[in-house]
Amino acid sequence: MRSLSLIMVLLSSLLCVAAQAADGLFVAVVAEPYLELRSGPGRGFPVFHVVDRGGEVEVVKRRTDWFLVRTARGKEGWVQRDDMAKTLTRSGRQAVFAEPGPGDFSRRRWEGGLMGGDFEGADVMSVYGAYAFTPNLFGELSVSQVFGDFSDSWLGMASLVAQPFPKWRLSPFFALGTGLIYTDPKSTLVDEDDRTDQVGSAGAGVRWYLTRRFILRAEYRRHVIFQNKDDNQEVDEWNAGVGFFF
Amino acid sequence: MECRRRIFLLRWSCALLLVPVLSACSFMRAAEPEPYSAGEPVIEPELERREITEAYIDSEDFEVGAFIGVMNVEDFGTNLVYGARAAYHITEDFFAEAAVGRTDTDQTSFEDLSGGARLLTDDERQLTYYNVSLGWNVFPGEVFIGSDHAFNSALYLIGGVGNTDFGGDNHFTVNVGAGYRLLLTDWVALHIDMRDHIFESDLLGDNEYKHNLEAHTGLTVFF
């Protein structure tokens, strides 16, 4: 008999969980005198509906700093983050609608971004992605395209990046990397074959936490291109750009 | 006598042991919270405190889609262009966009008139570009169709950098333009875009800036 009631309790709790998952939407209770619903996710859109204190709204989705909510009568409108932060949960607690901040920056796992700069006098564009093994040590992959006067190049690099002060807002880093450079001489000027060479590089730079999930990043790298010719070629690269983390 | 002495010693050792134990107890007491003050519940309910965070709310900051239109490649005629775009909406005002597009080009007037002289192979005649741009929703608003339908919209300015692969070479390319986004639903948008792709080329002798104008329309979805 006891085991039967236990099974009943387990089943009903399972059903509760299933019902919650099916519904799923977070319900916010208005705690200020009223909550303003706008017709679009922007500060200029007109307020077309208000929900009084004590009224409930379902939060359907978020876009940038705006939340689409649905009232009990089925009206849908957009509410700004600051207004959502003043609502309560059904149990009377303050709902958390936090923006990502500097703390998330020092705890980030993934980072990606785009940079542009100078590669020994030629324009260079690069994309990169990084993964944090620890807050101090990152693995990084990057692909760069170099637009030279006489040739175009693609550079793929894998690097280890050490960041000694992860909690600083302006945080320096040091990198060691290796990769391949593919050079394609311009067809209108030079009659030379394409070639692929190995590259080793060392560099340093800074990340500056900007706001939300965004960082500015600037770095210098010195590459050594191991060519088939007698001499290795040494190349300076300067880059700056924006990155985001999550 | 011996027995009494033992008891005496035992008592003292017990007392000596008790001193540190009692003092430790009183110290621990001081660290404990005040037993009860008015206005507080006597029994603290053992509820699991669940923080409601944004992770529980579906966020739709990404936008992907495809487009089709016409593109004029300077000296090489105007042709169909098609491609794909992905955007991330950073704030209500700004978004970052990555796009790729492809178009086939015609022969130049010179090639047509000379009758037979060809500047480019068929493969080189195909133009492929990719770029990364920053957009600014400069005029957000609503449009009304009839008295029952209102759609959110935005006129945006956009510009960025990228690469154009044309005529057997890669060209560093700057793009600038403007576009119009009409949200058909909360998550489906119609785009109309005008873009100028500017790159340096010496394909026809002199090295000069080429302006390549593109107009396209596309559909995107937010997720």
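In what order do the strands of chain A close into a barrel?

**View 1. The barrel of chain A.** Eight strands close in the order β7-β8-β9-β10-β11-β12-β13-β14, with antiparallel pairing. Direction ignored, neighbouring strands of this sheet are turned by 25 degrees against each other on average. Axes here are lines fitted to C-alpha atoms, for helices over the stretch in contact, and angles run from 0 to 180 degrees between N-to-C directions. Strands are DSSP runs of E with at least two residues, helices are runs of H or I with at least four, and both are numbered from the N terminus. Two strands pair if DSSP finds at least two bridges between them. This is a predicted model, in which local features need pLDDT of at least 70 and side-chain atom pairs count only at pLDDT 80 or more, while totals for chains, interfaces and linings use all residues. Residues are numbered from 1 along each chain as its sequence is written, and chains are lettered from A and ligands numbered from 1 in the order in which they are written.

**View 2. One strand pair in chain A.** Strands β12 (residues 195-211) and β13 (residues 214-226) of chain A run antiparallel and are joined by 13 bridges. Gly200(A) stands opposite Val224(A) in β13(A). Strands of a sheet pair through backbone hydrogen bonds, either parallel or antiparallel.

**View 3. Two domains of chain A.** Domain 1 spans 21-98 and domain 2 spans 104-245. Their C-alpha centres lie 43 Å apart. The bounds come from an automatic or database domain assignment.

**View 4. The largest nonpolar core.** This core has 17 residues, and Phe67(A), Val69(A) and Val79(A) have the most contacts inside it. At least two residues each come from β1 (26-29), β2 (34-38), β4 (56-63), β5 (66-71) and β6 (76-80) of chain A. β5(A) gives the most, with four residues. Neighbours within four places in sequence aside, Val69(A) is in contact with Leu37(A), Val57(A), Glu58(A), Val59(A), Val60(A), Gly77(A) and Val79(A). Contact means C-beta atoms, placed from the backbone, within 7 Å. Another core, of 13 residues, lies apart from it and includes Ile181(A), Val199(A), Ile225(A) and Phe172(B). A nonpolar core is a set of buried Ala, Val, Leu, Ile, Met, Phe, Trp, Tyr and Cys residues joined through C-beta atoms within 7 Å. A residue is buried with 20 or more other C-beta atoms within 10 Å of its own, exposed with 12 or fewer, and partly exposed in between; C-beta atoms are placed from the backbone.

**View 5. Two loop residues with positive phi.** Glu120(A), not a glycine, has a positive phi of about 50 degrees. Glu120(A) lies in the loop between β7 (110-119) and β8 (122-134) of chain A. With 14 other C-beta atoms within 10 Å, Glu120(A) is partly exposed. Asp75(B) has a phi near 75 degrees, also positive in a residue other than glycine. Asp75(B) is partly exposed, with 18 other C-beta atoms within 10 Å. Most residues other than glycine have a negative phi.

**View 6. The contact of chains A and B.** Chain A contributes 29 residues and chain B 27 residues. On the side of chain A, β4, β5, β7, β8 and β9 (137-147) each give two or more residues. β4(A) supplies the largest share, four residues.

**View 7. Chain B.** Three helices and eight strands make up its elements. From the N terminus on, they run α-β-β-β-α-α-β-β-β-β-β. Of its 223 residues, 26% count as buried.

Note on methods: Two residues are in contact if their C-beta atoms, placed from the backbone, lie within 7 Å.
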